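User: I am new to this model and would like a close look at one part of it. Please keep it brisk.

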Amino acid sequence: MDQYVTGSIIKKLRERSTMTQLQLAELLNVSDKTISKWETGRGYPDIALLEPLARALQLSVTELLAGESISNTNRCFNMKRVKLYVCPICGNVILSTGEAAISCCGIMLPPVEAEPPDSVHTIHVEPMEDEYYVAVNHSMDKKHYISFVAAVKEDGYELKKLYPEGVAEARFKRSNIRKLYYYCNQHGLFQVPLTAGKGL
C-alpha cells in the first residue's frame with residue numbers, strides 16, 4: 001500500500017535541516033526510536049502529525065508530501081513562465097506564473113504539458129472587431145469534450161470554462177494575447193501562438 005509520506009523522504013528532509021533524530025523527536029513530542037522507525041519503513045507518522053512534522057522541517061504540508069522544498073527563482077510576474085494544472089478528479093484549473101507546488105482533491109498535480117494541435121483537435125481563430133472568435137472542431141459529449149479555452153496575455157490571462165453538450169467556442173478581447181490554450185478531457189492540453197492582431 002502506498003503511503004502518503006515515506007521514511008526516505010522524512011530522512012532526507014531531516015538531514016537537509018541538519019537535525020538529529022533526537023532533535024526532530026523532541027519537536028514532535030515523540031521518541032527518537034519513533035523517528036527511526038519512520039525512516040526505516042517500520043512505521044509511519046500518524047496523519048495528525050503531518051502539520052507538526054512539516055513545521056519542524058520548515059516546510060508546508062504540500063512540500064512535505066512532495067518530498068522537497070519549492071523555491072521559485074522567478075521573483076517577478078512573467079506570463080512567459082505560465083504553467084497550467086488540471087485536477088483529474090474535480091476538473092479544477094489552476095494557473096501559475098512560476099514554480100509551484102499545487103494540490104487538489106488530496107493529490108499533487110504536475111503541470112500539464114501543452115502540445116501543438118493535431119488533426120483531431122484543430123482550432124479556428126478569427127479576429128472580429130476588438131475580439132478573437134475561437135472555435136475548436138471537437139465533439140462535446142459527456143465523455144469526450146473540450147473543458148476550457150484560455151488566452152494568455154502579456155499582463156494576465158482569461159479562461160472560459162466549457163461544458164459537455166455545449167459548444168466548443170469562446171470570445172476573447174484581442175488586446176495583447178500571445179497564446180491560446182485548450183484542454184481535451186481525454187487527450188490533454190494544446191496550445192497555439194498568436195501573431196499580434198492576426199488569427200489562424
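Analyst: First, some ground rules. The model is predicted, so local features need pLDDT of at least 70 and side-chain atom pairs count only at pLDDT 80 or more, while totals for chains, interfaces and linings use all residues. Residues are numbered from 1 along each chain as its sequence is written, and side-chain values use heavy atoms, with hydrogens and water left out.

Now the strands around that pair. E5 and E12 run parallel and share two bridges. Two strands pair if DSSP finds at least two bridges between them. Strands of a sheet pair through backbone hydrogen bonds, either parallel or antiparallel. The sheet here is open, with five strands in the order E5-E12-E11-E8-E9 and mixed pairing. E5 (114-115) and E9 (157-161) form its edges, each pairing on one side only. The whole chain has five helices and 12 strands. Helices (H or I, at least four residues) and strands (E, at least two) are DSSP runs, numbered from the N terminus.

Next, the packing. The largest nonpolar core holds 21 residues. Such a core is a set of buried Ala, Val, Leu, Ile, Met, Phe, Trp, Tyr and Cys residues joined through side-chain atoms within 4.5 Å. Buried means under 20% relative accessible area, exposed over 50%, partly exposed in between (1.4 Å probe, protein chains only). Val-134, Ile-146, Val-149, Phe-172 and Leu-180 have the most contacts inside this core. Six strands each supply at least two of its residues: E6 (122-128), E7 (131-137), E8 (146-153), E10 (169-173), E11 (177-184) and E12 (188-193). E11 gives the largest share, four residues.

Take Phe-172. Setting aside residues up to four places away in sequence, Phe-172 touches Val-134, Val-149, Ile-177 and Leu-180, among others. A touch, or contact, means heavy atoms within 4.5 Å.

A second, separate core has 18 residues, including Val-5, Leu-13, Leu-28 and Leu-59.

Now the helices. H3 (residues 32-39) has Ile-35, Trp-38 and Glu-39 as its buried residues. They lie on the same side of H3 because they cover an arc of only 95° around the axis. That arc is taken from the directions from the helix axis to the C-beta atoms. These buried residues pack against H1 and H2 (21-28). Just after H3, Gly-41 takes a positive phi of about 80°.

Arg-14 sits in H1 (residues 7-16). Arg-14 is buried, at 8% relative accessible area. A polar atom of the Arg-14 side chain lies 2.7 Å from the backbone oxygen of Met-19. Beyond neighbours within four places in sequence, the contacts of Arg-14 include Leu-24, Glu-39 and Leu-57.

What about the cysteines? The structure holds zero disulfides. Here a disulfide is a pair of cysteine sulfur atoms within 2.5 Å. For Cys-104, the nearest cysteine sulfur is that of Cys-90, 3.7 Å away. Cys-104 counts as buried, at 11% relative accessibility. Cys-184 is buried too, at 0%.

Last, the whole chain. Of its 200 residues, 38% count as buried. Among contacts with a separation of 6 or more, 52% join residues 24 or more positions apart.

Note on methods
A polar contact is a pair of N or O atoms within 3.5 Å; within protein, one must be able to donate a hydrogen and the other to accept it, and residues adjacent in sequence count only if both atoms are side-chain atoms.
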